[in-house]
Amino acid sequence: MYVNKFNIKSSHKEWVEQIGLLSHREIKIQSYRETDKSIEIDINCDTSEKGYKAVCDIVNKHNAYVLENPDYFSNIEDICFATYEPSGEFGMMFLNKECRYYNIDNYLHQLKREDSCELQYAYILMDADISGFLSMDGYVTNKVLIMDYTQSCLNPSDIGMLLSKFSDLEQVIIADTDLAYSLEDIGDAIYSYNDKLEVYFVKSGQLEKYLP
């Protein structure tokens with residue numbers, strides 16, 4: 001059974017309503033887990049443009065809500081929204097700080113970003129079907145993009161299309177080196193799109209800044 005307005009167990013009902021968590025037909029809330037210090041939401045999202053746009057709308061409204069109500073999540077430390085395809089395959093994840101998933105906690109803290117309940121980070125498993133995300137008419141307000149390139153075939157020439165979906169992007173992390181293309185090709189493609197972005201590669205658990 002999916003989560004709906006009748007069975008959701010949340011102590012943050014105002015926030016749930018304001019961000020429209022349960023108001024999009026294109027997505028379903030697969031699970032909602034809340035503790036005194038964390039909120040984790042799994043979203044069942046088809047790979048269509050409408051599905052991804054609905055997810056981005058929720059993320060953007062969450063970030064706007066946090067900025068407008070900075071004390072609302074005073075006790076919450078971890079917030080994570082994860083998307084899954086109808087087949088059950090993982091797609092994307094939006095989070096406010098490092099987490100235990102996909103070894104992100106091994107390196108994300110090295111950016112030394114200020115703690116926030118904003119969903120600052122977007123993590124994309126690049127071999128997932130993100131075609132709807134790439135073609136959607138919309139954007140998302142994350143500041144850091146983590147691209148896990150495991151077995152990905154995304155051509156560096158398509159990276160600009162991906163980056164264009166992030167309106168507030170400041171930093172990009174390439175989280176895997178099992179690539180069909182060279183790190184230099186990917187780094188150059190990112191800089192060609194926006195030379196103000198900081199680009200990092202993960203090597204042996206450490207972030208290494210890429211300089212063209």
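**View 1. The buried side of helix H5.** In H5, the buried residues are Leu 183, Ile 186, Gly 187, Ala 189, Ile 190 and Tyr 191. Here, buried means under 20% relative accessible area, exposed means over 50%, and partly exposed is in between (1.4 Å probe, protein chains only). Helices (H or I, at least four residues) and strands (E, at least two) are DSSP runs, numbered from the N terminus. The buried residues of H5 pack against helix H4 (159–163), S7 and S8. Helix H5 itself covers residues 183–193 and lies across strand S7 (171–174) and S8, running at about 160° to S8. Contact means heavy atoms within 4.5 Å. Axes are lines fitted to C-alpha atoms, for helices over the stretch in contact, and angles run from 0 to 180 degrees between N-to-C directions.

A quick note on what you're looking at: this is a predicted model, where local features need pLDDT of at least 70 and side-chain atom pairs count only at pLDDT 80 or more, while totals for chains, interfaces and linings use all residues. Residues are numbered from 1 along each chain as its sequence is written, and side-chain values use heavy atoms, with hydrogens and water left out.

**View 2. An open sheet of 9 strands.** Follow the strands in the order S1-S2-S3-S4-S5-S6-S7-S8-S9, and you'll find mixed pairing. At the edges sit strand S1 (27–34) and strand S9 (206–209), each pairing on one side only. From one strand to the next, the twist averages 20°. Helix H2 (residues 49–68) packs on the sheet and touches S1, strand S2 (38–45), strand S3 (78–84) and S4, with its direction at about 175° to that of S3.

**View 3. Where S8 meets S9.** Strand S8 (residues 198–203) and S9 run antiparallel, joined by 4 bridges. Two strands pair if DSSP finds at least two bridges between them. Look for Lys 203, which stands opposite Gln 206 in S9.

**View 4. Cys 45 and Cys 56, with no disulfide.** The structure holds 0 disulfides, a disulfide being a pair of cysteine sulfur atoms within 2.5 Å. Cys 45 has the sulfur of Cys 56 as its nearest cysteine sulfur, 8.6 Å away, and that is too far for a bond. Cys 45 counts as buried at 3% relative accessibility, and Cys 56 is buried too, at 2%.

**View 5. Gln 120 in its loop.** Gln 120 is in the loop between strand S4 (90–95) and strand S5 (121–125). At 7% relative accessibility, Gln 120 counts as buried. Leaving aside neighbours within four places in sequence, Gln 120 is in contact with residues including Leu 95, Arg 113, Glu 114 and Val 144.
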